[in-house]
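Hi,

Here is the structure I promised to pass on. Have a look at it first, and my notes follow below.

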Amino acid sequence: MDRTTSGWINGLIGVVIFSASLPATRVAVLQFDPLFLTAARAAIAGLLGLGLLFLFRERRPARTDLTSLFITALGVVVGFPLLTALALQYVTSAHSIVFIGLLPLSTAIFGVLRGGERPKPAFWLFSLLGSALVGGYAMTQELAASPVGDALMLAAIVVCGLGYAEGAKLSRTLGGWQVISWALVLSLPVMLPLAFWAMPDSFAGIGTPAWTGLVYVSVFSMLVGFVFWYRGLAQGGIAAVGQLQLLQPFFGLAIAAALLGEPVTWTMLVITAGVILCVFGARKFAR
């Protein structure tokens with residue numbers, strides 16, 4: 001298997017894992033304070049990442065890597081989780097599809113600015129078309145809008161795209177799981193005390209769904225998904241593999257249909273087919 005194909009496979013696995021992140025966050029934030037949820041998921045993942053680094057006796061990152069690690073942590077460990085948790089107090093997880101459709105474009109832009117990539121002009125056409133299909137579909141679903149929630153989600157997409165691109169650039173030399181692990185460890189001195197400070201006075205009223213959401217976003221969204229995602233971006237190209245995020249909302253719909261019995265319409269299938277064509281078109285012209 002060549003490096004590019006491996007990158008796309010790893011990226012796809014990462015996207016599937018991320019697909020349940022916003023619904024899990026939505027469930028968790030109904031009973032957990034957004035600040036506690038953000039700090040707790042980062043602290044739990046950080047402790048797991050520290051254990052992995054110790055177990056495999058990984059070398060410490062070079063001093064020149066620290067700036068990129070801090071940017072990565074700011075984007076994907078703190079910024080995106082906190083901003084989405086705050087936003088999901090005002091909007092539904094379904095409404096967030098509008099903004100997830102912009103994430104591949106954000107990642108591609110930062111891939112150019114921070115990763116030094118130079119996609120062909122046709123790539124941007126397919127990227128914009130794919131984003132428009134996802135956003136257009138979401139906006140036809142009669143989703144209630146909230147200016148505050150929308151602004152928070154837009155900010156989340158910007159910082160997440162930066163964190164994805166910065167982490168992927170560093171993954172080329174440091175390794176995918178090592179990057180997210182070190183980013184989490186760098187966040188521990190702040191996030192662990194913050195988790196204890198923001199912890200509820202009592203957990204007696206917290207239901208199983210909220211705990212399940214916290215576990216998912218801590219273990220899978222914050223750590224396991226990034227192991228595959230950063231490896232995929234580093235191998236297949238930030239801008240190209242980043243387009244796989246266009247499929248994330250539809251994977252989420254498939255998960256909802258399989259686990260919750262929610263209906264899948266012909267419109268969803270047609271839009272999904274169009275998005276897949278855009279992803280392959282973007283891949284062809286990414287380099």
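Arg 57 counts as exposed, with a relative accessibility of 76%. In this predicted model, Arg 57 sits in the loop between α3 (34–55) and α4. Its phi is near 50°, a positive value in a residue other than glycine.

Next, the salt bridges, of which the structure holds 3. Arg 114 pairs with Glu 166, and their closest N and O atoms are 2.7 Å apart. Arg 114 belongs to helix α6 (residues 103–115) and Glu 166 to helix α8 (residues 147–174), so this pair ties together parts that are 52 residues apart in sequence. Glu 166 is buried at 0% relative accessibility, while Arg 114 is partly exposed at 35%.

Glu 166 also meets Lys 169 in a salt bridge (3.1 Å, N to O); both lie in helix α8, 3 residues apart, about one turn of the helix. Lys 169 is partly exposed, at 24%.

Arg 172 and Glu 117 form another salt bridge (3.4 Å, N to O). Arg 172 lies in helix α8 and Glu 117 in the loop between α6 and α7 (121–139), so the pair ties together parts 55 residues apart in sequence.

Finally, a helix pair: the axes of α4 (residues 66–87) and α9 (residues 176–198) come within 9 Å and cross at roughly 75°, which makes α4 roughly perpendicular to α9. Their contact has 13 nonpolar, 2 polar and no charged residues. Among them are Leu 69 and Phe 70 in α4, and Trp 182 and Met 191 in α9.

Best wishes

Definitions and conventions: Residues numbered from 1 in each chain as written. Predicted model: local features only at pLDDT ≥ 70, side-chain atom pairs only at ≥ 80, totals over all residues. Heavy atoms only, no water. Axes fitted to C-alpha atoms, helices over the stretch in contact; angles between N-to-C directions. Helix = DSSP H or I, 4+ residues; strand = E, 2+ residues; numbered from the N terminus. Parallel < 35°, antiparallel > 145°, perpendicular 65-115°, else oblique. Contact = heavy atoms within 4.5 Å. Nonpolar A, V, L, I, M, F, W, Y, C, P; charged D, E, K, R; others polar. Buried < 20%, exposed > 50% of the residue type's maximum accessible area, 1.4 Å probe, protein only. Salt bridge = Lys/Arg side-chain N within 4 Å of Asp/Glu carboxyl O.
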